[in-house]
Amino acid sequence: MENSVHIPIRETLASAMKQERRWKSHPKSSISSSSFSSQSSKAPLIMGFLSCLAWLYIAGRLWQDAENRTMLSSLLQKNSANIPKVVTVEDKLRNLGCNEIGRKIVEAEMDLTMAKSQGYLWGNGSASGKKLLAVIGVYTGFGSRLKRNLFRGSWMPRGDALRKLEERGVVIRFVIGRSANRGDSLDRNIDDENRQTKDFLILEIHEEASEELPRKAKFFFGAAVETWDAEFYVKVDDDINIDLNGLIEILESRRGRQGVYMGCMKSGGVISEEGKQWYEPEWWKFGDAKSYFRHATGSLFILSNNLAHYININSASLQTYAHDDISVGSWMMGVDATYVDDDRLCCSSSRQEKVCSVA
């Protein structure tokens with residue numbers, strides 16, 4: 001029993017002596033371990049301190065920004081009363097009453113268009129207020145003064161005789177556009193001649209040129225219906241002589257009829273070879289047969305009042321071709337026109353009863 005008590009004591013003392021010897025043999029290792037443990041315990045404190053500083057810095061900036069925003073907001077509110085109100089164009093028009101005026105103008109234009117389409121147009125009739133029988137437009141050019149003088153001395157009245165013819169309901173005018181160089185000697189010569197004879201219808205918006213001839217038809221009929229209110233409008237080339245009384249007789253027999261497209265009707269082949277006479281740039285539109293539709297020859301043709309109005313109203317959208325008679329014929333195909341093929345209007349024929357002939 002006594003021996004059993006002394007055994008644990010000896011073992012404890014032996015263990016303590018081993019630890020002492022180990023410590024003495026490694027004193028630096030123990031010190032380093034203690035130092036590392038001390039440094040490890042300080043790192044969280046430093047990180048926490050730095051985090052607090054960063055939080056305080058951010059909080060301060062946010063507070064400063066909030067104060068700046070508040071200050072700017074208060075300044076804007078104070079100055080907003082002094083900033084003039086932005087007035088839009090609509091506000092100005094509304095204040096001036098222009099919107100209402102604009103609406104009335106649009107309504108008036110619609111009424112005018114409807115009136116034109118129905119044949120009601122403010123124009124010049126005869127002196128008695130009766131509707132004219134016809135307006136005859138004789139195409140002419142800048143170099144055709146000699147021809148004009150020949151016509152004035154033959155079938156076309158001049159001076160007082162021209163005025164008396166207008167009293168009977170027939171107006172005759174030479175039709176011409178303006179020079180490509182507006183106001184040049186060509187224009188001045190026409191203006192001087194017109195002041196003497198007073199027998200021109202000058203198309204101010206038309207440029208007089210051979211390639212512009214199809215468009216001249218648009219401008220002629222448009223200007224004629226806006227200037228005179230007549231039963232018929234007649235286009236004549238400047239190389240055609242007219243039996244005026246015979247033409248008036250034909251027109252009188254059809255007075256009051258609408259939708260009349262009258263002339264010497266023909267058709268013919270389409271010239272598709274560029275460089276040849278009568279070449280048609282739009283030849284491919286006339287089909288494989290390359291043949292024109294039926295139309296009145298360009299020497300002389302007649303349109304009734306409503307057809308001339310139709311051209312005037314739709315002038316901007318009407319297709320023109322290489323020749324004026326083809327162009328007018330194409331416009332008539334799209335409306336309910338009555339084609340009147342009258343041999344007396346075939347100026348190049350040998351018929352004795354015709355009312356026109358090549359000069």
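**Starting from one pair**

Look at Y261 first: its bridge partner in β7 is L303. Keep in mind that this is a predicted model.

Y261 also has a partner on another strand, and that one is Y339 in β8. So much for the two neighbours of Y261; now the strands themselves. Between β6 and β7 there are 5 bridges, and the two strands run antiparallel. Another pair in that stretch is G263, which stands opposite F301 in β7. With β8, β6 pairs in the parallel sense, over 4 bridges.

For anyone new to this, strands of a sheet pair through backbone hydrogen bonds, and the pairing can be parallel or antiparallel.

How much of β6 is buried? Of its 7 residues, 6 are buried, so the strand is mostly covered. For β7 the count is 9 buried out of 10, and β7 is also described as mostly covered.

**The sheet**

Now follow β7 to its other partner. β4 and β7 are joined by 5 bridges and run antiparallel. In that pairing, K235 has F301 in β7 as its bridge partner.

β4 then leads on to β1. These are residues 230-236 and 132-139, joined by 6 bridges, and they run parallel. One of the pairs there is V138 with V236 in β4.

Put together, what is the order of the strands in the sheet? It reads β3-β2-β1-β4-β7-β6-β8, which is 7 strands in an open sheet with mixed pairing. At the edges are β3, residues 200-207, and β8, residues 338-341; each has a single partner strand, so one side of each has no neighbour in the sheet. From one strand to the next, the twist averages 25°.

Helix α8, residues 213-227, touches β1, β2, β3, β4 and β7, and its direction makes about 125° with that of β3. Helix α10, residues 305-313, touches β4, β6 and β7, and its direction makes about 105° with that of β7.

Next, the inside. In soluble globular proteins, nonpolar side chains tend to be buried together. Here the largest nonpolar core has 35 residues, and those touching the most other members are I136, I172, I242, L251, L300 and I302. Helix α9, residues 244-252, gives the largest share of this core, with 5 residues.

Take L300 as an example. Beyond its neighbours within four places in sequence, L300 is in contact with V234, K235, V236, I242, G263, L345, C347 and C356. Apart from this core lies another one, of 28 residues, with F220, A296, V328 and W331 among them.

**Two helices side by side**

Which helices pack at an angle of about 10°? They are α5, residues 145-152, and α7, residues 185-197, and their axes are 13 Å apart. That angle makes α5 roughly parallel to α7, because anything under 35 degrees counts as roughly parallel. As for the residues that meet, α5 contributes R145, R148 and R152, while α7 contributes I190, E193, Q196 and T197.

**A tryptophan in a loop**

One more residue before the totals. W283 lies in the loop between β6 and β7. Is W283 buried, partly exposed or exposed? Its relative accessibility is 31%, so W283 counts as partly exposed; the cut-offs are under 20% for buried and over 50% for exposed. Apart from neighbours within four places in sequence, its contacts are V270, I271, S272 and K290. W283 and G269 are 14 residues apart in sequence, and their C-alpha atoms are 9.8 Å apart in space.

**The whole chain**

Finally, the totals. The protein chain has 11 helices and 9 strands. Of its 359 residues, 34% are buried. The chain exposes about 22,500 Å², and carbon and sulfur atoms supply 56% of that. Among contacts between residues at least 6 apart in sequence, 74% join residues at least 24 apart.

Notes:
Residues numbered from 1 in each chain as written. Predicted model: local features only at pLDDT ≥ 70, side-chain atom pairs only at ≥ 80, totals over all residues. Heavy atoms only, no water. Pairing = 2+ DSSP bridges. Axes fitted to C-alpha atoms, helices over the stretch in contact; angles between N-to-C directions. Contact = heavy atoms within 4.5 Å. Buried < 20%, exposed > 50% of the residue type's maximum accessible area, 1.4 Å probe, protein only. Areas by Shrake-Rupley, 256 points an atom, 1.4 Å probe, with all protein chains shown as cover. Core = buried A, V, L, I, M, F, W, Y, C linked by side-chain atoms within 4.5 Å. Parallel < 35°, antiparallel > 145°, perpendicular 65-115°, else oblique.
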